[in-house]
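Reader: I would be grateful for a close account of a single part of this structure, namely the site of the ligand. Please set out the terms as you proceed.

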Amino acid sequence: MHINILAIESSCDETSAAIIADGQVLSNVIASQKIHEAYGGVVPELASRAHLANIIPVVEEAITLSSIPKNKLSAIAFTAGPGLIGSLLVGSSFAKAMALALGIPLIAVHHMQAHVLAHFIKEPKPRFPFICLTVSGGHTQLVLVKDYLSMEVIGQTIDDAAGEAFDKTAKLLNLPYPGGPLIDKYAQQGDASAFQFPEPDVPQLDFSFSGLKTSILYFLRNQLKQDPSFIESRLNDICASVQQRIISILMNKLEQAVLQYKVNDVAIAGGVSANSGLRKALKHSGDAKGWNIFLPEMQYCTDNAAMIAMTAHYKFIAGEFVSLDAAPSPSFAWK
Ligand code: KG4
Ligand code: ZN
């Protein structure tokens with residue numbers, strides 16, 4: 001029997017659909033919503049409306065590219081959370097309607113678990129147990145991955161997520177949303193030691209980014225009083241210095257976790273894992289400490305349905321299906 005799954009991701013501002021056949025991703029179509037750029041962040045109502053407009057063409061394209069006809073699908077998977085409730089509802093309602101029409105089972109997927117399992121889409125794949133630093137716009141977590149569907153969050157942010165730290169800094173620098181990729185770009189031309197921002201003192205394996213955000217705000221206010229063109233004239237150095245601090249906060253805790261849990265395989269996942277400085281820092285630590293490191297391909301770092309499909313494949317094998325009354329939730333429980 002073949003396992004052919006259509007997966008739908010709609011937790012935030014990307015509408016995506018993917019087809020996976022016997023564990024091989026055959027298509028991964030992503031429609032990004034440009035509409036939020038003008039607002040400096042994702043506007044939930046506009047996101048839901050854009051998902052509604054995108055979902056049919058995106059699903060149709062994913063099916064066409066895969067060459068798997070609808071009547072050969074074994075299940076439909078959807079992101080059940082965490083995410084924006086309006087956005088989640090569009091994807092989950094579509095998935096349910098299609099599963100009902102085709103008479104096939106439904107699979108509910110945890111978005112952050114899927115970011116971790118993005119590492120199983122392509123070779124090389126990490127071996128269990130491994131630690132994954134999962135960093136996105138909404139989450140910052142250290143995950144001990146014991147098996148495909150057995151994961152434990154061993155550390156997380158107590159306030160803002162790493163992606164939020166990037167995006168909020170970008171907003172203070174008058175850059176459009178999402179600011180993470182732009183800070184990454186400017187940082188590559190800047191001097192990371194130009195300005196010093198504080199490293200928070202947070203116990204155990206948890207993170208904090210809200211103090212950093214406040215210190216950047218006061219720093220910019222002071223500098224702008226003396227030189228109104230400070231941001232324009234020092235943009236590269238500011239971006240490089242902020243990025244450097246975000247990376248050092250993440251890497252220090254990751255190193256602590258690897259030491260504590262004695263693993264050899266170390267991965268990063270989530271939108272912020274696209275950051276060139278973080279990727280370099282992980283490679284550097286891997287070389288220095290003898291870790292096997294795993295960096296997802298760029299297209300699987302930020303939100304995509306291929307990672308939902310990969311997770312659904314393992315859930316299908318484990319027989320983890322949900323009924324048509326399964327509800328998505330902004331705080332969908334980690335299982
Ligand atoms: O995983 P993701 O696509 O969506 C969520 O689940 O949140 O992550 C989006 C986050 C945003 O905060 C975005 O600014 C950040 O990932 N991001 C980056 C880079 N590319 C995306 N942050 C830093 N550097 C990048 N190159
Ligand atoms: Zn995500």
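Author: A polar contact is a pair of N or O atoms within 3.5 Å; within protein, one must be able to donate a hydrogen and the other to accept it, and residues adjacent in sequence count only if both atoms are side-chain atoms. The model is predicted: local features need pLDDT of at least 70, side-chain atom pairs count only at pLDDT 80 or more, and totals for chains, interfaces and linings use all residues. Residues are numbered from 1 along each chain as its sequence is written, chains are lettered from A and ligands numbered from 1 in the order in which they are written, and side-chain values use heavy atoms, with hydrogens and water left out.

Aspartate 303 places a polar side-chain atom 3.0 Å from an oxygen atom of ligand 1. From glycine 137, a backbone N or O atom lies 2.8 Å from an oxygen atom of the ligand. Histidine 111 has a side-chain N or O atom at 3.1 Å from an oxygen atom of ligand 1. On its own, ligand 1 has 550 Å² of accessible area, of which the protein covers 90% (Shrake-Rupley method, 1.4 Å probe).

The shell around ligand 1 holds 18 residues, and the closest are Gly137, Asp167, Asp184, Asn275 and Asp303; a residue is near a molecule if one of its heavy atoms lies within 4 Å of it. By type, the shell comprises five nonpolar, 10 polar and three charged residues, where Ala, Val, Leu, Ile, Met, Phe, Trp, Tyr, Cys and Pro count as nonpolar, Asp, Glu, Lys and Arg as charged, and the others, Gly among them, as polar. At least two shell residues come from each of helix H3 (111-117), helix H4 (162-172) and helix H5 (180-187); helices are DSSP runs of H or I with at least four residues, numbered from the N terminus.

Ligand 1 lies between domain 1 (4-116 + 300-318) and domain 2 (126-296), because both give residues to its shell; the domain bounds come from an automatic or database domain assignment.

The loop between H4 and H5 contains proline 178. A cis peptide bond joins this proline to tyrosine 177, with omega about -5°. Most peptide bonds are trans.
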